[in-house]
Amino acid sequence: MNQAQTMAEKILSNKIKKDVYAGDMIISPIDLAFAHDGTLPLAIEKMEEMESRKVFDKDRVLVICDHASPSPSEKVSNVHIMMRRFAKENGLRLYENGDGICHQIVLEKFSAPYKVIVGADSHTCTHGGLGAFATGMGSTDIAAAMIYGKTWFKVPEAYKIEANGTLKTNVFSKDLFLYIAGKIGADGATYMSLEFLGSTIRDMSIESRLTMTNMAIEVGAKCGIMEGDERTKEFLRRYGREKEFKELSPDKDAAYKEELYIDSEDIEPMVAYPHKVDNVAPVSDYAGLEIDQVCIGSCTNGRLEDLRIAAKILKGKKSKSRLVVYPASRDILIKAIKEGLIDILVDAGAAVCPPGCGFCIGRTIALGDGEVALSTQNRNFKGRMGNNNAEIYLCSPATAAVSAINGKITYPDI
Amino acid sequence: MSPEVLRVFPSDINTDEIISGKYKYDELDMGRLAVHTFESIDKSFYNDAKSKKDLIIVAAKNFGCGSSREQAPQVLKACGISCIIAESFARIFYRNCFNIGLPAIECKDIAEKVSKGDELEIDFEAGTIKNLTKGETYKFKPIPNYIREILDAGGLIPLLKKKGGF
Ligand code: SF4
């Protein structure tokens, strides 16, 4: 009998039609390569160095204007023109102003169990929440993948994270991930596939799962993978892609390099304080800290269930802090409008902005000197929100909404 | 003259610190972008690098974590850095380095062993770093064969051009 496999080993073996295990160097076909306005220009330049601007398959390459979109400047507008020209030449689908964040678009249109996805963006690991092997790369790797439809991988060793039990009502998958980051550190899973198992994960919505795989890179992982189950199937059905579903789970005796077991009942609402994601503490440690701006959105927590939680808390209330909301995609924005969530948020004082990265990278909206932000995004690095002299705290949408009402970091007593 | 250690960095230096994301829309010319290298944490880095030749930077763990931005190793190369030695690298950064022909070496406890200004002699075949200033020798993990092939070709693009694909 063949050796037992982790989820990463299974997906890659399936893709190259040969059993492979951690440590093997492989050349694998890819199902999708994508890049955005922050990374595509350099990738095009690299393609030109390879003497080809032509992609291997127009249906397996996506380009997205999301990082600085709608364009805030002349230079960015010119970058977008260059992207449109490239897309047109190749007959590619190009996602425009207000379509949303690259990862959310790829989740809605493309990701599924057993797919191999590479993106010129570090949070490409998000797609593992739907059972894909997905990893971020630089522009040269993506240029090569776009031309040849292949790339090289070292099959990663795996880090098993098993969370069992029920989360408290005010604790969300974001809190659970911040807890994990605090436990294993910013380099705790370097080069590894972070594989999530256990009843807590199984009981989570796909949206909540995606928040966790999105942040796999924040502990150094190459990818984050979750099982493909009924909930995965239901998500794909919602987007008319049920046919792409396949069950995915690791073999029982799969070999893990590291293992972490978590009692989910014990987890408290968490924050990550400046300037590292693994600087984590219970929200109560920072309660009372004044905040200038609360940000709800990003590829981590800009989905419908995040907006629902925020709207539930903010209904009929006014935000004391400046409040900015970026839904992660056009689809999410439309659904949020139909459910009446946007009315509630706007009424509470939110500036609701067109879907895109927005505050997360500080290109279309930036912090001022000495300001403090509380955000649902995935990174709190110095300068991340466009100002080296600002401070960023990370939290769940619930903590963000409750804190907005007080203008101070507040324990979510909900 | 052997290459000299320009800086020894602590753990978890991220790509936003190496080159802030806010410049990446403005400049594809790495020589010009390089002026901003490390500007949020080490203002004199660029000028110090430019006043010398053949430089190495050393770091503790997880060097280059954060975004997939290939501009990070590119600006280091444009500053005249010929090799980066760290206890460990973030994965995307590590891959990006070799793709652009910049060697990245993993060596245990290196940040504690060497100091700014030390002259180092690196032997990729033997997997050794000779510290000429301190009179010490350190062993490092040999670079995996496939990555070595990329490095020897001068980067992923020259390699793929030579081989006509993967
Ligand atoms: S929302 Fe933030 S983390 Fe996500 S892709 Fe955009 S910039 Fe990157």
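Mentor: Start with disulfides. This is a predicted model, and a search of the whole structure finds 0 of them over all chains.

Trainee: How do you know that A:Cys223 is too far from the closest cysteine sulfur for a bond?

Mentor: A disulfide needs two cysteine sulfur atoms within 2.5 Å. The closest cysteine sulfur to that of A:Cys223 belongs to A:Cys125, 8.3 Å away, so the pair is too far apart for a bond.

Trainee: Why is A:Cys223 called buried?

Mentor: Buried means under 20% relative accessible area. A:Cys223 has 0%, so the label holds. B:Cys83, at 3%, therefore counts as buried too.

Trainee: Now the sheet. What is the strand order in chain A?

Mentor: β4-β3-β2-β5-β6, an open sheet of 5 strands with parallel pairing.

Trainee: What makes β4 and β6 of chain A edge strands?

Mentor: Each has a single partner strand, so one side is left without a neighbour in the sheet. Neighbouring strands are turned by 20° against each other on average, direction ignored.

Trainee: How do you know that β5 and β6 of chain A pair?

Mentor: Pairing takes at least two bridges. Here 4 bridges join β5(A), residues 116-119, to β6(A), and the two run parallel. In that pair, A:Val118 stands opposite A:Thr135.

Trainee: Which helix packs on this sheet?

Mentor: Helix α3 of chain A, residues 74-90, touching β2, β3 and β4 of that chain. Its direction makes about 160° with that of β3(A).

How values were computed. Residues are numbered from 1 along each chain as its sequence is written. Chains are lettered from A and ligands numbered from 1 in the order in which they are written. This is a predicted model: local features need pLDDT of at least 70, side-chain atom pairs count only at pLDDT 80 or more; totals for chains, interfaces and linings use all residues. Side-chain values use heavy atoms; hydrogens and water are left out. Axes are lines fitted to C-alpha atoms, for helices over the stretch in contact, and angles run from 0 to 180 degrees between N-to-C directions. Contact means heavy atoms within 4.5 Å. Buried means under 20% relative accessible area, exposed over 50%, partly exposed in between (1.4 Å probe, protein chains only).
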